[in-house]
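Q: I've just opened this one and I'm new to it. Can we walk through it together?

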Amino acid sequence: FQSSEMSLVLQANQGAEIKALMRAGDTFVFNWSTDGGPVNFDMHGEEPNAGDAFTSYWKDRGKTSGHGSFTAPFDGSHGWYWKNKGSEPVTVTVKVSGWFERLYMP
């Protein structure tokens, strides 16, 4: 069990990801929020060596926060892609607590 936090800055019309490396059955709780405006997001996962294939879990537009719990359905990387559709920079901060190997930016 561990806790981790990461932040990133999205310039206007820029997108970026934060992921957690997990094994099937690993679970975490998460909370992410923005400072500077709303973002579009896609919470998704990729199996090892999946190429461009991914599984989307939760997508939405124009949000300033998201929270919940997540259990990995398969080994791989699971996390979020955020896109700033606004004209000003936005900082996204995500906090994760649970069972995962590491939190990282791909």
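Q: How many helices and how many strands are there in the chain?
A: Keep in mind that this is a predicted model. The chain has 0 helices and 9 strands.

Q: What's the order of elements from the N terminus?
A: From that end they run β-β-β-β-β-β-β-β-β. The radius of gyration is 13 Å, close to the 13 Å the globule rule gives for 106 residues, so the chain is as compact as a globular protein of that length.

Q: What box do the C-alpha atoms fill?
A: Roughly 40 × 30 × 20 Å, taken along the principal axes.

Q: OK, inside now. How much of the chain counts as buried?
A: Of the 106 residues, 40% do. The largest nonpolar core has 23 residues.

Q: Which residues have the most contacts inside that core?
A: Those are Phe-28, Trp-32, Trp-80, Trp-82 and Val-94.

Q: And which strands each supply at least two residues of it?
A: β1 (2-10), β2 (15-22), β3 (27-35), β4 (39-46), β7 (76-83) and β8 (90-98).

Q: Why would residues like that gather?
A: In soluble globular proteins, nonpolar side chains tend to be buried together.

Q: What does Phe-28 touch, leaving out residues up to four places away in sequence?
A: Its partners include Ala-20, Met-22, Met-43, Trp-80, Val-96 and Phe-100. Gly-68 is also one of them.

Q: Where is Gly-68?
A: Gly-68 is in strand β6, residues 65-71. Beyond four places in sequence, Gly-68 touches Phe-28, Val-29 and Phe-30.

Q: Switching to loops, where is Ala-12 found?
A: Ala-12 is in the loop between β1 and β2. Ala-12 is partly exposed, at 38% relative accessible area.

Q: What does Ala-12 touch, not counting residues up to four places away in sequence?
A: Asn-84, Gly-86, Ser-87 and Glu-88. The C-alpha atoms of Ala-12 and Gly-86 are separated by 5.5 Å, though the two are 74 residues apart along the chain.

Key. Residues are numbered from 1 along each chain as its sequence is written. This is a predicted model: local features need pLDDT of at least 70, side-chain atom pairs count only at pLDDT 80 or more; totals for chains, interfaces and linings use all residues. Side-chain values use heavy atoms; hydrogens and water are left out. A nonpolar core is a set of buried Ala, Val, Leu, Ile, Met, Phe, Trp, Tyr and Cys residues joined through side-chain atoms within 4.5 Å. Buried means under 20% relative accessible area, exposed over 50%, partly exposed in between (1.4 Å probe, protein chains only). Helices (H or I, at least four residues) and strands (E, at least two) are DSSP runs, numbered from the N terminus. Contact means heavy atoms within 4.5 Å. The radius of gyration is taken over C-alpha atoms; the globule rule is 2.2 Å times the number of residues to the power 0.38.
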